[in-house]
Amino acid sequence: MVEGQLRRRGIRDQQVPRHEFVPDQYHHLAYGDEPLSIGHGQIISQPYIVAFMTEALNLQPHERVLEIGAGSGYQAAVLSQLAKKVFSIEIVESLADRAKKTLNNLGINTVIIRTGDGYQGWFNEAPFDAIMLTAAPEHIPQPLLDQLVIGGRLILPLGKMVQRLILMKRTQEVWKKDELFPVAFVPMTGEVQELQLKE
């Protein structure tokens with residue numbers, strides 16, 4: 001997987017065993033460059049997308065990261081290899097519990113996962129150096145932008161029927177927005193859906 005899908009695309013190796021994060025019936029597919037179901041209508045993203053989004057944040061060893069959408073815990077585990085601390089929110093309780101167990105079994109102790117709606121971020125632990133969304137809202141949640149430090153980065157899939165990967169960078173004066181390429185993620189659920197219905 002690393003040689004065939006990541007390094008040739010300019011993505012560095014992340015030493016995280018992907019098979020540990022997928023259901024048993026998909027172990028034989030764990031190292032293909034494809035998304036896989038983890039139940040509850042959720043997926044573990046393809047390795048290339050995980051690696052690309054991680055690289056795009058340009059994480060430093062002293063930084064703290066917020067992830068919205070823990071899912072299986074795989075993306076958080078990858079982030080933990082580069083950052084000091086990872087805080088992750090998962091709206092599906094059983095997925096959050098499973099991710100915690102997997103990370104604990106692997107001895108990854110720099111990731112904190114809680115069950116909840118990620119729209120409002122994690123105010124008590126803010127600010128963050130970087131934020132990643134692994135589910136797609138139709139607009140960027142303002143609370144997440146507010147919880148970034150100056151110089152912070154936010155990466156997310158944005159859109160409904162047509163999604164694009166977006167990288168936001170916060171400067172002292174303005175936000176810099178880069179549209180990267182088309183993607184397909186599961187929709188963000190919870191408060192963001194309620195707000196969209198009111199619009």
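The largest pocket of this predicted model holds about 370 Å³ of space. A pocket is here an open set of points on a 1 Å grid over the protein atoms alone, with protein on both sides within 12 Å along at least five of seven lines, and its lining residues have an atom within 4 Å of a point. Grid points are joined across faces, edges and corners, and the volume is the space filled by probe spheres set on the points. Two or more lining residues come from each of strand E2 (42-44), helix H2 (47-57), strand E3 (64-68), helix H3 (74-80) and strand E4 (85-90). Helices (H or I, at least four residues) and strands (E, at least two) are DSSP runs, numbered from the N terminus. By type, the lining comprises 16 nonpolar, 11 polar and three charged residues; Ala, Val, Leu, Ile, Met, Phe, Trp, Tyr, Cys and Pro count as nonpolar, Asp, Glu, Lys and Arg as charged, and the others, Gly among them, as polar.

The conventions behind these values are brief. Residues are numbered from 1 along each chain as its sequence is written. Local features need pLDDT of at least 70 and side-chain atom pairs count only at pLDDT 80 or more, while totals for chains, interfaces and linings use all residues, and side-chain values use heavy atoms, with hydrogens and water left out.

Helix H2 deserves a separate description. Nine of its 11 residues are buried, so the helix is largely enclosed by the rest of the structure. Buried means under 20% relative accessible area, exposed over 50%, and partly exposed in between (1.4 Å probe, protein chains only). The buried residues of H2 are Pro47, Tyr48, Ile49, Val50, Ala51, Met53, Thr54, Ala56 and Leu57. Just after H2, Asn58 adopts a positive phi of about 50°.

The text now turns to charged pairs. Three salt bridges are present in the structure, each defined as a side-chain nitrogen of Lys or Arg within 4 Å of a carboxyl oxygen of Asp or Glu. In one of them, Arg153 pairs with Glu63 at 2.7 Å, N to O. Arg153 belongs to strand E7 (residues 148-158) and Glu63 to the loop between H2 and E3, 90 residues apart. Both Arg153 and Glu63 are buried.

Another salt bridge joins Arg64 to Glu125, with the closest N and O atoms 3.1 Å apart. Arg64 lies in strand E3 and Glu125 in the loop between strand E5 (111-115) and E6, so the pair ties together parts that are 61 residues apart in sequence. Arg64 is partly exposed, at 22% relative accessibility, and Glu125 is partly exposed at 26%.

A further salt bridge brings together Glu179 and Arg164 at 3.2 Å, N to O. Glu179 is in strand E9 (residues 175-183) and Arg164 in strand E8 (residues 163-170), 15 residues apart. Glu179 has a relative accessible area of 49% and is partly exposed; Arg164, at 30%, is also partly exposed.

The chain as a whole contains six helices and nine strands. Of its 199 residues, 50% count as buried. Among contacts (heavy atoms within 4.5 Å) between residues at least 6 apart in sequence, 53% join residues at least 24 apart.

How values were computed: 1 Å grid on protein atoms, 1.4 Å probe; cavity = no way out; pocket = protein on both sides within 12 Å on 5 of 7 lines; lining within 4 Å.
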